[in-house]
Each structure stands twice: as structure tokens, then as C-alpha cells.
Amino acid sequence: MRWSLTIGSFMGTAVRIHVTFLLLLGWIGFAAYQRGGAVAARDSIMFIVAIFICVVLHEFGHILTARRYGIVSPVITLLPIGGVADMEKMPDKPRQELLIALAGPAVNLVIAALLILFLGAVDLSDAIQIGDPSVNLLKRLAAVNIFLAAFNLIPAFPMDGGRVLRAALSIWIGKDRATRIAAQIGQGFAFLLGFLGLFGNPLLLFIAIFVYIAAAGEAQMTSLSEAARGLKAADAMEMRIAVIERSASVREAVDILLATSQDEFPVVDASRRLSGFLSRTNIIEALRASEPEAPIAPFVRLEPETIDGRESIDAVLPKLTGGEAVGVTDEEGRFLGLLTRQSLAEIMMIKDVRPDWRFSPRDDSRPTVA
């Protein structure tokens, strides 16, 4: 995620903090300072930091449970509205997703229980006064953890409760329909939060927008995964595409750009192995910075993502939905075609019209490439 800084790592997962979170801390500290001086500012910042430590532990509850099923999370990002764990994929089995989703709220309940045991009896009427600095910090932190667990168990995407609901429904109606139902509930919940936010709480409006977008994105991603399930890369790739030789000049690259409507151009070497990609922007930049007869190679983006044509496209879905192109190769590493977000969208359109459609396998002859 852009505009975020790595502050450390734990068990191979980097913990990053978004600059907007730092701005939130500054704003809270300044507001508290105006009300009660330096001591109030210090206590307010300490309380917010303690909350986000609990949020990180919540996310690691998900992450460590997911690792039991071979799912890796390379990054956690702290935002003003909470933490986001970047999981490589979600489990296919409903029981696994159920356990992963419940692990986060369970961590918050354990933290709350430990704090209550340490403090003895906790008067909830005091603890729920989260914004009152005169109330013991640990009491307020216990109440916050109970709230985090309860809020995350609301049965609507993108909260953990939405994943619990999807996992339960998937057993009977399948993952695709279950996701649609959970996402629709999530979007309805977002509208409710937004309506409440109109009565004086702008933060609720911000959270509502996030919930709505996240719910829609989750539904779309699941639909893409279901449509692409088991589909081979060679059957979904674009074959009638223009390629650029790595030895080509800037002039030759510009000529190919003008002759097509492509946004991404695969660059191949003499053995037809994929060397990288050139975007239209890359080619224009080369024209601006070099002579027409200069080589185009220095402007090629290296280390391209590739997939064997015999493999399922499931593994590269995050790349495609993120707008990146993926090269398809044969068993000897030679370039065959291209997977793009457009080709994925076409698969989705076909599946929407004919869910039972079976894509015909492509033959192994050389593709038609301009």
C-alpha cells in the first residue's frame, strides 16, 4: 500500500504504518493538548497506540491461523480505521475460513479477559467512557477489545462476521452465492453507518465508505475466482497481440504502438522468451529521452510475471485484478500469449451469460502474433 512505512516484522510478516495513521495520532495529540495540556496529549496518544497494538494482535490471530493451512500474509498495514492483513489467498474449505475469521475476534476477547483478571472487577459504566482520560487506561482498553470483537462479528463483509456468515452459507449454497449475500448485507450495513454519520459523526461516514467499497471488492474478487477456477492459462490468454523484439529501436517500437490499440507490449528475445513489458507510457518516455534509432531495451520493465500455459490462472488473479499483465509460456519458457485484466473481464462476461460454458482448449501450434 502506498504512503506506508515499515516499522518492523514478526514471523516473516512486515508491519507497516500508513502516514494517515501518523496524522491521526498528531491530530488526537493536538486536540488533547488544547483541552488538558501535555499530560492529556501523552495519555491520549498512549491510549490510541495501545488500541492499535491490540489491532495488530487481532490481525496476527488471522495470520497465524491461516498459516496452519499454508496461507501466507507478507504484510499488515495500520490505517486510521484499523489493520489490514494482505493474505495471498483465502482458503477454499468453509471450515478453514470459519476458523481464520474467528481467530481475530477471539484474540480481542482473550486480551479483554486478561485485562479484567488483572484489574479485578471492572465497572463497565466507567469503562465504556472511552474518551474520558480520568478513567483508568486499562479499563478503557478492556472495553475497546470487547467492542472490537463485537463489531468485527457483525455478519457483513468486510468484517470477520461476514466471512463467518459466508463460510456457513457456503456449505449449503456454494461460495459464490454466499459471498454475494454477505456482500449485500455489508453494503446495507454501510448505508446504515453512513446514515448515522449524517447526524454529527463524520468518522462513521468514512467507515461506511470503506465498508461499502470493501464489500463490493470482495464480491467481485470471489466472482472472478469462481469464474476462473480450473481454467488453464493457455485457454484464457490473448494470442493476437503485437510483440516487440528486445533488439528493436525506439522507432520500431513507436511504429508498433501506432499500429495497435494495446496498452502493454510483451518484449521477447531471439529465443522468443519473455524479457519484460513495455507500456505505451514507456515507449513515449523512450521517444522523449532517446533518438529514434536508439535501442528500446533500456526502457523495458524487467522480471516479468509469467505462468506456464498448462497451469490454472487462479494463482495470478491478484496480479490481473491489480492491472498487471502476465505472460503465458510453454514448457520450454517460450512466449505464447498474454493474460490481462481485459481477458479476465471477457471470461467474466461469458460466465455471467452462460455459467455452464466450457472453454475449448487451444492447440499447441504457434500463436498468431503481430
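**View 1. Surroundings of L141 in the predicted model.** Beyond its neighbours within four places in sequence, L141 touches F47, A50, I51, C54 and L115, where contact denotes heavy atoms within 4.5 Å. The model is predicted: local features need pLDDT of at least 70 and side-chain atom pairs count only at pLDDT 80 or more, whereas totals for chains, interfaces and linings use all residues. Residues are numbered from 1 along each chain as its sequence is written, and side-chain values use heavy atoms, with hydrogens and water left out.

**View 2. The largest nonpolar core.** This core has 23 residues, and I48, I51, F52 and L141 have the most contacts inside it. A nonpolar core is a set of buried Ala, Val, Leu, Ile, Met, Phe, Trp, Tyr and Cys residues joined through side-chain atoms within 4.5 Å; buried means under 20% relative accessible area, exposed over 50%, and partly exposed in between (1.4 Å probe, protein chains only). Two or more residues come from each of β2 (13-18), α1 (19-67), β3 (75-79), α2 and α4 (137-152). Helices (H or I, at least four residues) and strands (E, at least two) are DSSP runs, numbered from the N terminus. The largest share, 13 residues, belongs to α1.

**View 3. Position of A106.** Helix α2 (residues 94-119) contains A106, which is partly exposed because its relative accessibility is 37%. A distance of 7.9 Å separates the C-alpha atoms of A106 and G61, which are 45 residues apart along the chain.

**View 4. An open sheet of three strands.** The strand order is β8-β9-β10, with mixed pairing; strands pair if DSSP finds at least two bridges between them. Because β8 (306-308) and β10 (335-339) each have a single partner strand, one side of each lacks a neighbour in the sheet. Three bridges join β8 to β9 (residues 326-329) in the parallel sense, and T306 has G327 in β9 as its bridge partner.
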